[in-house]
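Thanks for making time for this. I have one model to go through, and I will keep to what can be computed from the atoms.

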Amino acid sequence: MMRQYELVERVQKYKPDANEALLNKAYVYAMQKHGQQKRASGDPYISHPLEVAAILTDMHLDESTIAVALLHDTIEDTTATRAEIDELFGEDIGRLVEGLTKIKKLDLVTKKAKQAENLRKLLLAISDDVRVLLVKLADRLHNMRTLDHMSPEKRARISEETMDIYAPLAGRMGMQDMREELEDLSFRHINPEAYETVTGRLEELSKRNEGLVKKIETELGDLLVANGMTGAIVKGRQKKPYSVFRKMQSKSLSFEQLSDVYGFRIIVDDIPACYRGLGIVHTRWRVVPGRFKDYISTPKQNDYRSLHTTIVGPSSQRIELQIRTRRMHEIAEFGIAAHTLYKDAASTSDNDILSRESNAYSWLRHTIEALAEGDSPEEFLEHTKLELFQDQVFCFTPKGKLIALPRGATPIDFAYAVHTNIGDTTVGAKINGRIMPLVTRLANGDEVEIIRSGVQVPPAAWEEIVVTGKARAAIRRATRLAIRKQYAGLGHRILERTFDRAGKIFSREAMKPALHRLGQKDVEDAIAAVGRGEMSSLDVLRAVYPDHLEERVTAKPSGDDGWFNVRSASGMIFKIPGKPKSAIDGADVKADIDMDAMPIRGISSNVEVQFAPTGAVPGDRIVGIMNVTEKGNAITIYPIQSPTLQRFDDQPDRWIDVRWDLDEANKSRFMARIMVNALNEPGTLAKLAQTVAGVDVNIRVFNTVRVATDFTEMTLDVEVWDLRQLNQLLAQLKELECVATVRRLYE
């Protein structure tokens, strides 16, 4: 356990004028407060804050941050209070300790909503002062180093949390060494079998190539010295187990196929020396095409700068090289923590990146701004994880503005990165002057010009194409608004008819005073709720005109042909066959039918009901269209998504608001039509049939069309109990490797 004088000496080595009294006071206070507390390992609890402080001294952080590390568990786990810490150490340190206390019990692998809320708390605390993040990461690193004393379930949970959030967050802040250690420690507990296998293979390789790293270091160093670069330092190392495993997984390679297990760094004095060293190395050894990256001229968003290249070097060994200055090396190792050292330094060409606000911290503040955009907690969590995990490509606008995007990004991601409105109105893109599909994956250096249209609405399918959280969230928002607009249009027509039949005039202004009675926030929400079938148009009429008296529904014989006229509460006359149950000698009777929202079961005994050719299933929002047949009137039921409904936009009197009313005692299946685009290979049909049968769905009709050499388009009329079962079928079909696309059809 680190002693008091050792802590002070560690800080004074890199900051001779450090406040020794503050460090001593914090050390003694933490020691007294934690007293006889023990950790799960049996060690004194005080050993934990001391180790956290030691990790931060390795990052050369100031004495205030070291004091916060010593005190970070006192409010949570001892009798210490915020007021007491403010009095003894000042409000600044007290605020940081309290910020860490609020996120102490972070749990990111429980329910999604809770994950997101806790992540919000973490990022909001960090946004106030980046030192909260530095202490939190050091705290997590020491906890991961001492995880063996926990139960297996708890080790797995904490490791998943670390791999999901803390390791990528450290990487986003430029702290690559910490990220690698957090990933390796998590990997060991999440997938112990793979960890042991990869570690064992690396040990075997190290024994077999004993002395190889030192030999390559020597040859590279001698080459640089021979060309006048006497101050260059060459460092080599074997890659970490998780880094090797991730590459094997992403590239689908075996361990034997990996050719760049070793990485080397050349550290020089200044930027010109970086490029000079690159030229010397490339002149001496053959470069691997396509493996050169210049992160000096275009730094990563976390401020990382370096030249990357891969060569077939000494002993014909394929090796990765990173060439950087000493200042760049400190940024690469300590990331955002390095800025605390140089924030007051004079700006030079190599210090520019340090003299302005950290790009990594700018990204963090940008992410915090996304909290105000109204996304659901689950979307925010997904957005942030996407932003954390992705590597980057750098593209340019036609005017030369640099746009950094995750690797695999499309022109749609590019458009949303420039501005949300540009993304929403995108219809095409030019990449390097050529019109290219919107699904094209962008590469480093691409110039992208977005083609726009004022009438464009982003298709929901774009959500499956984009890779950035911002684009995905914006597309979902636009889709929700488009669907709401569609339902609002239908709701408006329904309300106009209902009010007209009651002798009233419908207007949005008249609805405003009644919103509180309807339980809606605004008029558009209320109208859309009517369109979705969540609220009856009669409820709106009653809320707007509470004194309105509805007519009684009557049924009178219209002749000797056995047909009766039924007048609904809203005044619509509807002809039904047969005599109503209560009709006695032609007297006025109450009918069982509410024509403003008729249950299908309720009308099926009196009126002929049929479904659209592509069917409808319980759970669909449905609309009825009145038709006149030879036998009389009939209603055709359509899902609200059916394009056929557009033909009846100018015939509002034919629209009937209907709803499902299932007889649970006599359940029946309903037909829906789906289209599957699948590989044309043996076994495909069997896999489809097995999947359909596996979710208790029946195939009524099956048709196929050969659309290409390798693909067949299959149309299936399936019989399901409800929409949930249909969606389950679609989801499982999408998972099949032989299926390219699957979708539901509407007519």
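This is a predicted model: local features need pLDDT of at least 70, side-chain atom pairs count only at pLDDT 80 or more; totals for chains, interfaces and linings use all residues.

The protein has 747 residues, and 50% of them count as buried. There are 30 helices and 24 strands. For contact order, take contacts between residues at least 6 apart in sequence: 66% of these join residues at least 24 apart.

In soluble globular proteins, nonpolar side chains tend to be buried together. Here the largest nonpolar core has 55 residues, and the members that touch the most others are Leu-56, Ile-66, Ile-93 and Met-178. Helix H9, residues 130-145, supplies the largest share of this core, with nine residues. A separate core of 39 residues lies apart from this one, and its members include Val-198, Val-244, Leu-258 and Leu-321.

Which residues does Leu-56 touch, leaving out those up to four places away in sequence? The list is Tyr-14, Leu-61, Thr-65, Ile-66, Ala-69, Leu-134, Val-135 and Ala-138.

Ala-138 also takes part in the next item, the contact of H9 with helix H11. H11 covers residues 176-190, and the two helices pack at an angle of about 35° with their axes 10 Å apart. The crossing of H9 past H11 is left-handed. On the H9 side, the residues in contact are Leu-137, Ala-138, Arg-140, Leu-141, Met-144 and Arg-145. On the H11 side they are Met-178, Glu-181, Leu-182, Leu-185 and Ser-186. By type, the contact has seven nonpolar residues, one polar and three charged.

Next, helix H26, residues 523-532. How many of its ten residues are buried? Seven are, and the helix is mostly covered. The buried ones are Val-523, Ala-526, Ile-527, Ala-528, Ala-529, Val-530 and Gly-531. Their cover includes helix H23 (469-501), helix H24 (508-511), helix H25 (515-518) and helix H27 (537-544). As for the ends of H26, Asp-522 caps the N-terminal one, with a side-chain oxygen 3.2 Å from the backbone nitrogen of Glu-524. After the helix comes Gly-533, with a positive phi near 85°.

Asp-73 sits in the loop between helix H4 (63-71) and helix H5 (74-77). Is Asp-73 buried or exposed? Its relative accessible area is 0%, and the cut-off for buried is under 20%, so Asp-73 is buried. The Asp-73 side chain has a polar contact with the side chain of Tyr-45, at 2.6 Å.

Thr-614 is another loop residue, between strand S16 (608-611) and strand S17 (622-629). Thr-614 counts as buried because its relative accessibility is 2%. Its side chain reaches the backbone nitrogen of Glu-747 at 3.0 Å. Leaving out residues up to four places away in sequence, Thr-614 touches Met-671, Ala-672, Arg-673, Leu-745, Tyr-746 and Glu-747.

Glu-98 belongs to helix H7, residues 91-102. At a relative accessible area of 28%, Glu-98 is partly exposed. With what does its side chain make a polar contact? The partner is the side chain of Arg-82, at 2.6 Å. Arg-82 and Ile-75 are what Glu-98 touches once residues up to four places away in sequence are set aside. Ile-85 is 13 residues from Glu-98 along the chain, and the two C-alpha atoms are separated by 9.6 Å.

Last, backbone angles. Most residues other than glycine have a negative phi. Two residues to check against that are His-60 and Asp-696, each with a positive phi without being a glycine. For His-60 the value is near 65°. His-60 is in the loop between helix H3 (47-58) and H4, and it is partly exposed at 29% relative accessibility. For Asp-696 phi is about 60°. Asp-696 lies in the loop between helix H29 (684-694) and strand S22 (698-706), and at 43% relative accessibility it also counts as partly exposed.

That is the end of my list.

Terms used
Residues are numbered from 1 along each chain as its sequence is written. Side-chain values use heavy atoms; hydrogens and water are left out. Buried means under 20% relative accessible area, exposed over 50%, partly exposed in between (1.4 Å probe, protein chains only). Helices (H or I, at least four residues) and strands (E, at least two) are DSSP runs, numbered from the N terminus. Contact means heavy atoms within 4.5 Å. A polar contact is a pair of N or O atoms within 3.5 Å; within protein, one must be able to donate a hydrogen and the other to accept it, and residues adjacent in sequence count only if both atoms are side-chain atoms. A nonpolar core is a set of buried Ala, Val, Leu, Ile, Met, Phe, Trp, Tyr and Cys residues joined through side-chain atoms within 4.5 Å. Axes are lines fitted to C-alpha atoms, for helices over the stretch in contact, and angles run from 0 to 180 degrees between N-to-C directions. A crossing is left-handed if the near helix is turned anticlockwise from the far one by less than a right angle, and right-handed if clockwise. Ala, Val, Leu, Ile, Met, Phe, Trp, Tyr, Cys and Pro count as nonpolar, Asp, Glu, Lys and Arg as charged, and the others, Gly among them, as polar.
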